[in-house]
Amino acid sequence: MPRSRTTHQYKALGSALRKMPPFFSAEQLRIAAEAAPVKGDTSGDTSACKRQDASRQARSMGIATVYRFLRDKKRTGEVRSYLCNRKTVYTTSKMSHCHFVCEKTGEVIHFDVDSLDFMQEKIPGTISSFQIEVRGTCEECVSDMRARSRRNPAASAKKKNQEE
Ligand SMILES: [Zn+2]
Ligand SMILES: [Zn+2]
């Protein structure tokens with residue numbers, strides 16, 4: 001692959017990277033980079049023809065290029081990756097990716113951890129990122145179960161009436 005093409009693609013990916021949501025997939029980044037306007041060439045090519053050609057190529061980039069770009073960015077610490085629903089998601093801003101999994105429905109609810117203080121004192125080093133999964137019963141299921149137990153037990157209702 002010619003160097004200038006890679007440079008163009010990396011430039012498009014770099015500017016797309018700054019506009020991504022907190023968590024994004026490699027495919028989302030590829031789409032954003034392809035849609036991003038590619039500015040005039042600055043890598044040394046002077047002909048307008050070559051310039052156009054390069055920017056067109058930058059627009060249709062393979063997913064392998066995106067993965068290579070993300071791998072490079074991970075190495076420099078600009079990008080972090082997490083596993084979400086068996087898919088890899090990437091971020092430039094978040095130090096953590098946290099799941100609360102409802103054991104009744106299997107639903108995954110995302111939440112943020114704002115302070116690392118509770119963990120830092122347990123870790124023999126510095127933290128760059130972490131991913132946690134907490135399991136339990138979500139609020140919806142809890143209130144569902146409460147409503148059901150309020151409606152159902154005739155026996156305990158009868159008992160209550162007698163007591164009154
Ligand atoms: Zn997730
Ligand atoms: Zn639930």
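Me: What makes the face of H4 turned away from its buried side an exposed one?

Reply: That face carries Ile63, Ala64, Arg71 and Arg75, which count as exposed. The test is the number of other C-beta atoms, placed from the backbone, within 10 Å of a residue's own: 12 or fewer is exposed, 20 or more is buried, in between is partly exposed. This is a predicted model: local features need pLDDT of at least 70, side-chain atom pairs count only at pLDDT 80 or more, and totals for chains, interfaces and linings use all residues. Residues are numbered from 1 along each chain as its sequence is written, while chains are lettered from A and ligands numbered from 1 in the order in which they are written.

Me: How do you know where the buried residues of H4 lie?

Reply: They are Thr65, Val66 and Phe69. Seen down the axis of H4, they fall within an arc of 100 degrees, so they line one face. The arc is taken from the directions that run from the helix axis to the C-beta atoms.

Me: Why does the span of H4 agree with its 14 residues?

Reply: The expected span is 1.5 Å times one less than the number of residues. For H4 that gives 20 Å, and its end C-alpha atoms are 20 Å apart, so the two agree. Gly77 follows H4, with a positive phi near 85 degrees.

Me: What makes the largest nonpolar core a core?

Reply: A nonpolar core is a set of buried Ala, Val, Leu, Ile, Met, Phe, Trp, Tyr and Cys residues, joined through C-beta atoms within 7 Å. Nine residues make up the largest one: Ala12, Leu13, Ala16, Leu17, Leu29, Ala33, Met61, Val66 and Phe69. H1 gives the most, with four. In soluble globular proteins, nonpolar side chains tend to be buried together.

Me: Why is Cys102 called partly exposed?

Reply: Cys102 has 17 other C-beta atoms within 10 Å, so it falls in the middle class. Cys102 sits in strand S3 (residues 96-102). Helices (H or I, at least four residues) and strands (E, at least two) are DSSP runs, numbered from the N terminus.

Me: How do you know which residues Cys102 is in contact with?

Reply: Contact means C-beta atoms, placed from the backbone, within 7 Å. Leaving aside neighbours within four places in sequence, Cys102 meets that test with Glu107, Thr137, Cys138 and Cys141. The C-alpha atoms of Cys102 and Cys138 are separated by 5.3 Å, although the two are 36 residues apart along the chain.

Definitions and conventions
Two residues are in contact if their C-beta atoms, placed from the backbone, lie within 7 Å.
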